Amino acid sequence: MSGRPILATQAMRAAEQAAIDGGTPIETLMERAGAALAEAIIRYAGPQPTLLLCGPGNNGGDGYVAARHLAGRGVPVRVAAIAEPTTDAAKAARAAYEGAVEPLGDSMAPAKVMVDCLFGTGLKRPLDGDVHAQLVRLGEAAGLRIACDLPSGVDSDSGALFGPVPNFDMTVAFGALKPAHRLMPAMPACGRVVLADIGIDTGTDWVEIGPPQLPGLDPAGHKYTRGLVHCLAGKMPGAIALAAMAAARSGAGYVRISTSRPIDGLPAAIAQIDTADMSDERIGCILVGSGMGDIPQVLTLALTSKAPKVIDADGIGALGEPERLKGQNAIITPHAGEFETLFGTLPGNKVEQALEASRRSGAVVIYKGPDTLVASPDGRAGFAPPAPAWLASAGTGDVLAGIAAAMVARGLPAFEAACASVWLHGRAGELAGPHMVADDLAAAIPSALDLL
Ligand SMILES: NC(=O)C1=CN([C@@H]2O[C@H](COP(=O)(O)OP(=O)(O)OC[C@H]3O[C@@H](n4cnc5c(N)ncnc54)[C@H](OP(=O)(O)O)[C@@H]3O)[C@@H](O)[C@H]2O)[C@H](O)CC1
Ligand SMILES: [K+]
């Protein structure tokens with residue numbers, strides 16, 4: 001899977017330790033992090049007066065290193081600290097910075113650029129009230145706010161906020177993104193997230209979903225080998241129509257709908273039939289649940305097929321037990337309400353919940369929301385890159401399900417197909433613009449595919 005790596009705190013510490021055991025001391029890692037932070041500040045903000053706020057841990061250490069580099073490059077720099085450094089690496093970084101260090105307090109003047117190096121992955125409780133007040137005051141007065149690794153006040157693993165956090169323009173992450181960069185409510189506070197490579201081996205079990213690699217066209221292929229998506233209609237045919245259109249626009253070779261009533265307004269290329277042969281071995285993916293309503297027999301019928309499935313909306317509600325999905329090679333696409341209906345209240349943060357749901361059901365789970373996550377039973381997770389807020393409108397979920405079904409029918413394994421659909425959905429949303437409706441979103445999919 002392509003995409004920037006994401007590591008939770010424990011995994012980050014293990015990766016850091018492996019680098020240290022491999023002969024790269026923590027001071028070298030901090031030097032790389034601080035230098036990268038300084039470089040990002042100069043590129044983003046130019047040589048404007050810059051104020052770095054440093055905490056007691058290694059996040060503060062990165063700040064002292066950055067301050068030294070900025071000063072060496074002629075940037076007017078000031079540093080303020082809330083406490084003396086407590087780690088050996090941060091102490092050494094502080095000692096190597098030759099400028100003055102002011103105490104953080106009411107009398108401090110703001111600067112054009114504020115860089116928050118107070119706390120990173122080590123923060124596990126709320127900021128002291130005075131420290132928080134200074135961060136907000138100096139942040140509001142600055143023209144640009146930049147966070148070192150994470151905005152202070154954010155829980156790295158869950159994306160929860162320990163208190164209100166100022167909105168940053170940019171966050172410079174080291175080694176890997178952290179879950180909070182891509183989880184609500186922290187995500188918008190991070191601003192643009194840039195990743196600095198500091199020479200740590202991060203692995204790729206968890207990634208920010210990047211552009212998918214889609215299988216090329218077979219010159220000898222035909223419509224069935226390009227992928228047959230078989231949709232099952234229910235009570236509200238508009239929803240399955242949207243999903244079918246999205247599947248067709250996503251490059252499925254053939255899309256057909258089993259429906260007892262003809263559906264108006266569908267492209268002629270989408271076949272409507274009044275039978276449903278679930279044993280047809282040409283089916284690449286069954287799409288069920290969008291607009292199904294209270295006809296659970298439609299879901300039961302789908303589950304008799306050996307073909308892979310995308311189960312959306314009412315289909316998720318009708319499952320009853322997650323275990324029914326075992327061996328189904330299914331992708332399910334719940335939003336928070338549907339997720340809770342099927343799995344109950346699971347412990348942990350959103351990533352832990354999505355992974356547990358995936359393990360229990362054996363299905364790939366697309367846990368939708370402003371911070372959509374894709375979880376695989378084998379422990380892989382894909383975090384959606386930021387997508388436009390205007391995707392929150394009726395029918396966009398049906399479009400996502402349709403894209404996912406097409407990706408499966410085109411031959412991608414379930415996890416890759418789910419991640420590809422999330423990526424394409426977000427890009428199609430951007431291209432369709434803020435006044436789009438779900439039909440426009442489906443129409444924008446080819447332009448999103450053209451980005452690849
Ligand atoms: N991952 C890497 O390979 C590298 C990361 N770098 C940077 O290091 C930080 C993580 O550093 P760490 O020292 O583990 O943690 P922090 O700097 O975020 O903060 C820990 C210290 O802060 C104290 N603390 C925690 N919460 C509070 C609070 N609310 N108020 C006051 N003090 C707090 C904590 O004290 P404890 O009492 O909890 O022990 C610590 O003293 C990472 O984010 C990167 O920026 C490396 O520089 C390069 C390699
Ligand atoms: K920080």
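Mentor: Let us begin with an annotated span, bearing in mind that this model is predicted. The end C-alpha atoms of residues 12-206 lie 12 Å apart, and the span is 36% helix and 17% strand. An unreviewed UniProt entry lists residues 12-206 as "domain: YjeF N-terminal".

Trainee: Which domains does the domain assignment of the protein give?

Mentor: The assignment gives domain 1 (4-208) and domain 2 (228-450). Their C-alpha centres lie 39 Å apart.

Trainee: How many residues of domain 1 are in contact with residues of domain 2?

Mentor: As a general idea, the size of an interface is often given as the accessible area lost when the parts come together. Here we count residues instead: 12 residues of domain 1 are in contact with 14 residues of domain 2. On the side of domain 1 that touches domain 2, strand 8 (residues 206-208) contributes the largest share, three residues. By class, that side of domain 1 has seven nonpolar, one polar and four charged residues.

Trainee: Which residues touch the most other members of the largest nonpolar core?

Mentor: They are I331 and A404, in a core of 161 residues. Helix 13 (residues 414-432) provides the largest share of this core, 11 residues. The core also draws at least three residues from each of domain 1 and domain 2.

Trainee: With which residues is I331 in contact, leaving aside its neighbours within four places in sequence?

Mentor: With that exclusion, the contacts of I331 are V310, A363, V364, I366, A404, V408, A414, A417 and A418.

Trainee: Let us turn to the ligand. How many residues surround ligand 1, and which are the closest?

Mentor: Ligand 1 is surrounded by 30 residues, of which G57, N58, N59, G120 and G122 are the closest. The shell has 12 nonpolar, 12 polar and six charged residues. Helix 1 (9-21), helix 2 (26-45) and helix 3 (58-72) each supply at least two residues of this shell. Helix 3 gives the most, with five residues.

Trainee: How should I read the backbone angles?

Mentor: The general idea is that most residues other than glycine have a negative phi, and most peptide bonds are trans. In this model, D149 has a positive phi of about 70° although it is not a glycine, and N329 likewise has a positive phi, of about 50°. As for the peptide bonds, the one joining M184 and P185 is cis, with omega about 0°. P185 is found in the loop between strand 6 (170-174) and helix 6 (187-190).

Trainee: Where do D149 and N329 lie?

Mentor: D149 lies in the loop between strand 5 (144-148) and strand 6. N329 is placed in the loop between helix 9 (313-317) and strand 14 (330-332). D149 counts as buried because 28 other C-beta atoms lie within 10 Å. N329 has 16 such atoms within 10 Å and is therefore partly exposed.

Trainee: Is S107 buried or exposed, and why?

Mentor: S107 counts as exposed because it has 7 C-beta neighbours inside 10 Å; the cut-off for an exposed residue is 12 or fewer. S107 is found in the loop between strand 3 (101-103) and strand 4 (113-117). S107 and Q134 are 27 residues apart in sequence, and their C-alpha atoms are 10.0 Å apart in space.

Methods. Residues are numbered from 1 along each chain as its sequence is written. Chains are lettered from A and ligands numbered from 1 in the order in which they are written. This is a predicted model: local features need pLDDT of at least 70, side-chain atom pairs count only at pLDDT 80 or more; totals for chains, interfaces and linings use all residues. A nonpolar core is a set of buried Ala, Val, Leu, Ile, Met, Phe, Trp, Tyr and Cys residues joined through C-beta atoms within 7 Å. A residue is buried if 20 or more other C-beta atoms lie within 10 Å of its own, exposed if 12 or fewer, and partly exposed in between; C-beta atoms are placed from the backbone. Helices (H or I, at least four residues) and strands (E, at least two) are DSSP runs, numbered from the N terminus. Domain bounds come from an automatic or database domain assignment. Two residues are in contact if their C-beta atoms, placed from the backbone, lie within 7 Å. UniProt positions are given in the numbering used here, feature names are shortened, and annotations may be inferred rather than shown by experiment. A residue is near a molecule or strand if its C-beta atom, placed from the backbone, lies within 6 Å of it. Ala, Val, Leu, Ile, Met, Phe, Trp, Tyr, Cys and Pro count as nonpolar, Asp, Glu, Lys and Arg as charged, and the others, Gly among them, as polar.
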